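Subject: Structure handover

Dear colleague,

Please find the structure below, followed by notes on what was found in it.

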Amino acid sequence: MASRGTIETSKLRQNLEEQLDRLMQQLQDLEECRDELDADEYEETKKETLEQLSEFNDSLKKIMSGNMTLVDELSGMQLAIQAAISQAFKTPEVIRMFAKKQPGQLRTRLAEMDRDVMVGKLGRDLYTQQKVEILTALRKLGEKLTPEDETFLSANAGAALSQFERVSSDLGSGDKVLALASFEVEKSKQ
């Protein structure tokens with residue numbers, strides 16, 4: 001009996017997730033090696049990676065306009081790409097977990113960070129930035145936050161992250177996600 005596209009859809013989704021993983025890993029590797037690169041190399045490599053994300057975004061747009069069965073799965077990836085391009089999230093690892101809808105792994109990462117900051121392995125500024133990103137990602141994934149986490153988020157969310165959250169909460173359809181992501185891609189090219 002024919003698969004009616006389910007096998008093809010599954011394979012396409014797997015390929016897209018692998019492409020997104022590769023680009024997010026590239027961003028993460030770039031951040032980890034930042035000290036080893038001079039400023040020009042770092043900026044050029046980051047620009048190239050963002051251009052690749054832009055091209056990936058264009059591909060997603062084409063797929064979504066032609067195949068509505070993938071819209072829900074691709075919308076999460078689209079938001080993650082928009083977050084990376086707009087630089088609301090600075091941590092590729094968080095973007096990746098958000099795109100894959102992995103609240104459990106986000107919570108595990110948050111617990112590891114809590115431990116690391118207590119033992120002095122993680123600086124307070126980096127801890128605050130990443131905790132805000134993780135809490136925002138958890139909220140966008142529909143997870144309940146504790147009152148303490150809500151307070152922390154309110155006190156520490158930056159303008160870019162607040163804008164991402166505000167705009168992404170207004171997005172109801174894939175078309176709006178695409179329009180926003182396209183706008184952000186064009187803005188980042190300028």
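Lys131 is the residue to start with: its side chain is buried (under 20% relative accessible area; exposed is over 50%, partly exposed in between, with a 1.4 Å probe and protein chains only), yet Lys131 has no salt bridge. A salt bridge here is a side-chain nitrogen of Lys or Arg within 4 Å of a carboxyl oxygen of Asp or Glu. The nearest side chain of opposite charge to Lys131 is Asp149, 4.0 Å away; for charge, Lys and Arg count as positive, Asp and Glu as negative, and His and the chain ends are not counted. Lys131 sits in helix H6. Apart from residues up to four places away in sequence, Lys131 touches Leu110, Met113, Asp114, Asp149 and Phe152, a contact being heavy atoms within 4.5 Å.

Some notes on provenance. This is a predicted model, in which local features need pLDDT of at least 70 and side-chain atom pairs count only at pLDDT 80 or more, while totals for chains, interfaces and linings use all residues. Residues are numbered from 1 along each chain as its sequence is written, and side-chain values use heavy atoms, with hydrogens and water left out.

Confidence and overall make-up

pLDDT is the predictor's confidence in each residue, from 0 to 100. Its mean over the protein chain is 74, and 64% of the residues reach 70 or more. Helix H5 (residues 103-118) has the highest confidence, at a mean of 91, and helix H9 (residues 174-189) the lowest, at 46. Over residues 170-190 pLDDT stays under 50, and the model has 30 contacts beyond four places in sequence for that stretch. Where pLDDT is low, the predicted coordinates should not be read in detail.

The protein chain has nine helices and zero strands; these are DSSP runs numbered from the N terminus, helices being H or I of at least four residues and strands E of at least two. Of the 190 residues in the protein chain, 41% are buried. Among contacts between residues at least 6 apart in sequence, 65% join residues at least 24 apart. The accessible surface comes to about 10700 Å², and carbon and sulfur atoms account for 49% of that; areas come from the Shrake-Rupley method with a 1.4 Å probe, and for residues only the protein chains shown count as cover.

Salt bridges

How many salt bridges does the structure hold? There are five. One of them joins Arg107 and Glu143, whose closest N and O atoms are 3.7 Å apart. Arg107 lies in helix H5 and Glu143 in the loop between helix H6 (124-140) and helix H7 (147-156), so this pair ties together parts that are 36 residues apart in sequence. Arg107 is partly exposed at 30% relative accessibility, and Glu143 is partly exposed at 29%.

Another is formed by Glu112 and Arg109, with closest N and O atoms 3.8 Å apart. Both residues are in helix H5, three residues apart, and about one helical turn separates them. Glu112 is partly exposed at 33%, whereas Arg109 is buried at 15%. Arg115 and Asp116 also meet in a salt bridge, at 3.1 Å from N to O. Arg115 is partly exposed at 46%, and Asp116 is buried at 10%.

The whole structure has one aromatic pair. Rings of Phe, Tyr and Trp (its six-membered ring) pair if their centres lie within 6.5 Å; planes under 30 degrees apart count as stacked, over 60 as edge-to-face and the rest as tilted. The rings of Tyr127 and Phe152 have centres 6.4 Å apart and planes at 65°, so the pair is edge-to-face. Tyr127 is in helix H6 and Phe152 in helix H7, 25 residues apart, and the pair links distant parts of the chain. Tyr127 is buried at 6% relative accessible area, and Phe152 is buried at 18%.

Leu145 is in the loop between H6 and H7 and counts as buried at 13%. Its C-alpha is 7.5 Å from that of Leu135, which is ten residues away in sequence. Beyond neighbours within four places in sequence, Leu145 is in contact with Arg107, Leu135, Leu138, Arg139, Glu150 and Leu153.

Helix H1

Gln25 lies in helix H1 (residues 6-32) and is partly exposed at 33%. Gln25 and Glu93 are 68 residues apart in sequence, with 7.7 Å between their C-alpha atoms.

Regards
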